[in-house]
Amino acid sequence: MKHLFVSDERVVQQHYRRGIIFRLAGALILFTAFLQVPVLLLAGFSWKRYHDEQSTRNDLRAETNNLQVANRPLNDIRRKLDQIRQWEPIVRNRLPISGLLHAIEDSMPASAVLDSIAIESEQFERVPVAGGIFRVPGNYRLVLQGLERSGDGDAAQALAKALQKCLPSKSELVHTDRMENRADGFVQFSLQYSIKPDGNYFGLGVKKISEPDTL
Amino acid sequence: MGYSLTHYIRNFPLRYYLSGGLVRAEEPVVSFFLAPEKSAALLTRRHQVIGYESDISNLPDAPPIAGAGGEGLGVQRSFSAKLLARWRAKGSPRFIFAPDLASYDFYCNVHNLNNLRELGAESLLEALHEEPRQVIGSWDEPRSFRWAVFDSGVEPLRGLFDRRIQQVLIIGIPADYCEQAESWSEAQQGSLFAVIPVAVACLKWFCEMIPTGHQAAFLLLLLSHSVVLAVVQNQQIVLLRQYLEDALLAYQEIPPLADELRVEAHAVYVWSAGPVPEELARHLAGTELAGEVLQQINGTPVSIRRPSDGSITEANAPVPHLLRWLEGRLA
């Protein structure tokens, strides 16, 4: 009389619940499922990380595309900048002679007069730029010859001291010469400088143009 | 039955397994006696009676009674959860339904094999399932019924009928009531063991427990809606009748029936869930299956051991005796 008037479907479901074979199978299934939990978690995390990386990669790709699009109009500017940058050693190594003359004029003591000023460029370097090759001097030699009144102190030394402050930083006084007293009471002197151009000529009185002229 | 791996996986009882059912050895069994006026529940665990509720019909979410419309009250805790908590039992309960069905909800009759075309129990059940009129000529019930076939000793029949069998017992109850019972059991997170009409349970109990021998025993079952009269000889039911009239009229049918069956000596037994009607009790020349008689037949009274304090109370009424016997027979 067991299961009398109970449908087969319900009886089967009861066996699934209470039958020893089905319980063992259920335990096995649950145990196996439990073992899969770490694997599933790992797979889940890996999948999430893969998605995140994919998303980041897509973002970066999109950003790269944007930058490439934005970069395209800059190529012409970059090319022009490169051309300008080629001129840098030429511009840097150009010594402003007017500034140098002005500095000599300012440094001249009242008890001395100049006979001659000789400026020579040397140590040339070949700089290729668009349109040709320029020879750019790597050093300037400045030779000053003059007269100072004897007995009025060392005017040549005062001139050398004042001029040294105006010249570019790596410039140096390489030779000093002083003759004997002449009969008219004057003494001839000679100063020789080696001037290293470094692009900084503010000491020579060159001023920064705050607002460039619009030609 | 349709066992398959796919079906098992599809109906995998995950919730039951995870709630401890996977390792639970013993689960409580709740046996219900379901009559319109009075319903009772007997709770057992490991074949020990641990609780008996003599009237559960008015409780919310009570098990369905045939013919009575379910109220479908929204309750927070299910009926069986409350019942188990009250008697301090745990687990997923198994239910045995013993409904006291009205005559139109219950078909039970002895059929002579000579009058049946079918040669086996399965083919007979198939015929009953297809069209009951193929087997029962006077059948006029439009509702669908579930059927069972027993031999005269109320043992289920399978396969081809044995030549020694002369009669079979055909029992049918409405399919919608069975489905109602199944759904209710499912809603209670339990499972349904069986739906055994009270009359069938009593007949089986009588055939098993009372040694009638060659002497004919007339068993009167006083049910709520009808009276069933069974003639039992050699633990076999030889005749079954159902009366819609009162019990005394059925009782008065016994002497002419005994003459008709040519029975020289006979005994009369009366089983009733409630007290036997006074008029019948006055005229009854037989044994009322109640109280001390039941205790003698079953050996012991129904001992209810309360799990809370271990105290034991005894019950000798027919219903707890019947429910305890059913539980012992099925679980």
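A residue is called buried if 20 or more other C-beta atoms lie within 10 Å of its own, exposed if 12 or fewer do, and partly exposed in between, with C-beta atoms placed from the backbone. By this rule, 40% of the 331 residues of chain B count as buried.

The model is predicted: local features need pLDDT of at least 70, side-chain atom pairs count only at pLDDT 80 or more, and totals for chains, interfaces and linings use all residues. Residues are numbered from 1 along each chain as its sequence is written, while chains are lettered from A and ligands numbered from 1 in the order in which they are written.

**Exercise 1. Describe the strand β9(B) and its place in the sheet.**

Step 1. Helices (H or I, at least four residues) and strands (E, at least two) are DSSP runs, numbered from the N terminus. Chain B has 11 helices and 15 strands.

Step 2. Two strands pair if DSSP finds at least two bridges between them. In chain B, 5 strands form an open sheet in the order β11-β10-β9-β12-β13, with mixed pairing. β11 (236-243) and β13 (287-288) each have a single partner strand, so one side of each is left without a neighbour in the sheet.

Step 3. Strand β9 (residues 216-222) runs antiparallel to β10 (residues 227-233), with 6 bridges between them. A hairpin of 4 residues connects the two strands. Within this pair, A217(B) is bridged to V232(B), and L220(B) to L229(B).

Step 4. With β12 (residues 266-272), β9(B) pairs in the parallel sense over 7 bridges. Here L222(B) stands opposite S272(B).

Step 5. Of the 7 residues of β9(B), 7 are buried. A216(B), F218(B), L220(B) and L222(B) point one way, and A217(B), L219(B) and L221(B) the other.

**Exercise 2. Which residues of α6(A) are buried, and what do they pack against?**

Step 1. The expected span of a helix is 1.5 Å times one less than its number of residues.

Step 2. The buried residues of α6(A) are A155(A), A156(A), L159(A) and L163(A). Seen down the helix axis, they fall within an arc of 95 degrees, so they line one face of the helix. The arc is taken from the directions from the helix axis to the C-beta atoms.

Step 3. Residues are in contact if their C-beta atoms, placed from the backbone, lie within 7 Å. The buried residues of α6(A) pack against α5 (97-107), β1 (112-129), β2 (132-149), β3 (172-181) and β4 (186-195) of chain A.

**Exercise 3. Describe α2(A) and the side of chain A that touches chain B.**

Step 1. α2(A) has 52 residues and reaches 74 Å from its first C-alpha to its last, close to the expected 76 Å.

Step 2. A kink of about 35 degrees lies at V37(A), shortly before the proline P38(A). The bend is the angle between axes fitted to the seven residues ending at a residue and the seven starting there.

Step 3. Of the 52 residues of α2(A), the number buried is 2, so the helix lies largely in the open.

Step 4. In the interface, 20 residues of chain A are in contact with 25 residues of chain B. α1 (8-18) and α2 (20-71) of chain A each supply at least two residues to this side, and α1(A) gives the most, with 8 residues.

How values were computed: Contact = placed C-beta atoms within 7 Å.
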